[in-house]
Amino acid sequence: MNAARLSLLRSVIGEFALLGDLEELEPFGTGHINDTFASRFRQAGTPVRYLHQRVNETVFRRPDEVMENIVRVTGHIASALEKAGAADRSRKVLTVVRSRDGEPFVRDAEGGWWRSYLFIESARTFEVADSPSQARTLGACVGRFQLQLADLGGPRLRETIPGFHDMGRRYEAFDAALSSDPLGRAEAVAREIGFMEANRERGAVLARALGDGLIPERICHNDTKMNNILIDEGSGEGLCVTDLDTVMPGSPLYDVGDLVRTVATRAAEDERDLSRVAFDPVFFRALLDGYLSEAGAFLERAETELLAEAGRTITHIMGLRFLTDYLAGDAYYRISRQGHNLDRCRTQIALIESMDAQREAIDETVGELTARYARSGA
Ligand code: ADP
Ligand code: GN1
Ligand code: MG
């Protein structure tokens, strides 16, 4: 971190209602969107850590609304945990640290928006799932999160990114990037473009079901890739889902889809050796089992009927977004090498092809597990 950046960051942190002496500050995490830092304070002799994030304003046009949602959602979950007398509550939901003025954010000298959370200790995230039992834990964590928010009262949550999982809008952005092709990259990626053209209709199934009212709108997370889920280092239990910027109305199927995309495979999102990218039916079964053990209680039949399509749809939309960003010149996702977004797009396509080859097994697993966990009457 350069000196100017460090001094900006220090003055931002000084505006939060934090006690003690700031001892250490370092960049943190592998997210593609926000700037994340961890700090360590010494409070009367005890080290305590916090997480600080600058909200990406190109992605989130209304950081105030993002924070409004996050305060409501975390407050709701925290009070439910308190009512239930749950142990270790401050590791089971993110805790927003207020500014000295009582706001859930601090503005920096350049107008940037910052937030702080208690740092959840002895927890970690994974880029690739390490066992079916971990896959089950991840599924359960997301199902529980949706269940915790099923009774959130008050006005509809803000749409922090309008049309976030709307395939039609994502194709409009793709078409625009393809026709302008500012860096002349399209010619060399004809196969990937061809895949996206051939799958245009199929990809719209979930968005259409939601738009036509065939499945209900519910509060969901919308970004449940596995490295947004904190796991306890000691017990391996799921603690909570982080990265709450996109919590808003949508379909729970989107969250299932992002879990399938990232958990039901043994390869990282940016794996370059495509022979390693495959859909894993054992991890899939485990994660769906965990998810339905929590969410089976509220899902309707119209939703469970689309479960088998969820992973394919979200993998498709991510592949499309990575390709769009590659064509547009890598403006959206953080990249750490040339062609990074193209690599990411290629893994998504390879994963879909592997899912398609195993579709019968997916249908069977979905049928068996939904029958086991279906809510009465569904
Ligand atoms: P991005 O939007 O850039 O993905 P995240 O909100 O996901 O940013 O944060 C980046 C990483 O920081 C997460 O993947 C997770 O590992 C970690 N993280 C987030 N919140 C906390 C927290 N309160 N305590 C500990 N680690 C956290
Ligand atoms: C982004 O913020 P992060 O890295 O958890 C993106 C998701 C993508 C993901 C792909 C707000 O998630 O939609 O699935 O990258 N978040 C946003 O890794 O666009
Ligand atoms: Mg993240």
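By class, eight nonpolar, nine polar and one charged residues make up the shell around ligand 1; here Ala, Val, Leu, Ile, Met, Phe, Trp, Tyr, Cys and Pro count as nonpolar, Asp, Glu, Lys and Arg as charged, and the others, Gly among them, as polar. The model is predicted, so that local features need pLDDT of at least 70 and side-chain atom pairs count only at pLDDT 80 or more, while totals for chains, interfaces and linings use all residues. Residues are numbered from 1 along each chain as its sequence is written, chains are lettered from A and ligands numbered from 1 in the order in which they are written, and side-chain values use heavy atoms, with hydrogens and water left out.

The shell around ligand 1 holds 18 residues, and the closest are Gln-53, Ile-120, Asn-227, Asn-228 and Asp-243. A residue is near a molecule if one of its heavy atoms lies within 4 Å of it. Strand 3 (46-54) and strand 6 (113-118) each contribute at least two residues to this shell; strands (E, at least two residues) and helices (H or I, at least four) are DSSP runs, numbered from the N terminus. Domain 1 (3-121) and domain 2 (132-373) both give residues to the shell, so ligand 1 lies between them. The domain bounds come from an automatic or database domain assignment.

Backbone atoms approach the oxygen atoms of ligand 1 at several points. A polar backbone atom of Asn-227 is 2.8 Å from an oxygen atom of ligand 1, one of Asn-34 is 2.9 Å from an oxygen atom of the ligand, and a backbone N or O atom of Ile-33 lies 3.4 Å from an oxygen atom of ligand 1. Taken alone, ligand 1 exposes 550 Å², of which the protein buries 95%; accessible areas come from the Shrake-Rupley method with a 1.4 Å probe, and for residues only the protein chains shown count as cover.

Ligand 2 also has 18 residues around it, with Lys-225, Asp-243, Glu-269, Arg-321 and Tyr-332 nearest. Its shell divides into eight nonpolar, four polar and six charged residues. Helix 10 (residues 307-328) gives the most to this shell, with three residues, and domain 1 and domain 2 each supply at least three.

Next comes the metal. The magnesium ion (ligand 3) is coordinated by Asn-228 (OD1) and Asp-243 (OD), at 2.2 Å. Asn-228 lies in the loop between strand 8 (218-220) and strand 9 (229-232), and Asp-243 in the loop between strand 10 (238-241) and strand 11 (248-250), so the pair ties together parts that are 15 residues apart in sequence. Donors are N, O and S atoms within 2.8 Å of the metal (3.2 Å for Na, K and Ca), and sites may look incomplete because water is not among the atoms. Asn-228 counts as buried at 5% relative accessibility, whereas Asp-243, at 26%, counts as partly exposed. Buried means under 20% relative accessible area, exposed over 50%, and partly exposed in between (1.4 Å probe, protein chains only).

Asp-330 sits in the loop between helix 10 and helix 11 (340-357) and is buried, with a relative accessible area of 17%. The side chains of Asp-330 and Arg-185 are joined by a polar contact of 3.1 Å. A polar contact is a pair of N or O atoms within 3.5 Å; within protein, one must be able to donate a hydrogen and the other to accept it, and residues adjacent in sequence count only if both atoms are side-chain atoms.
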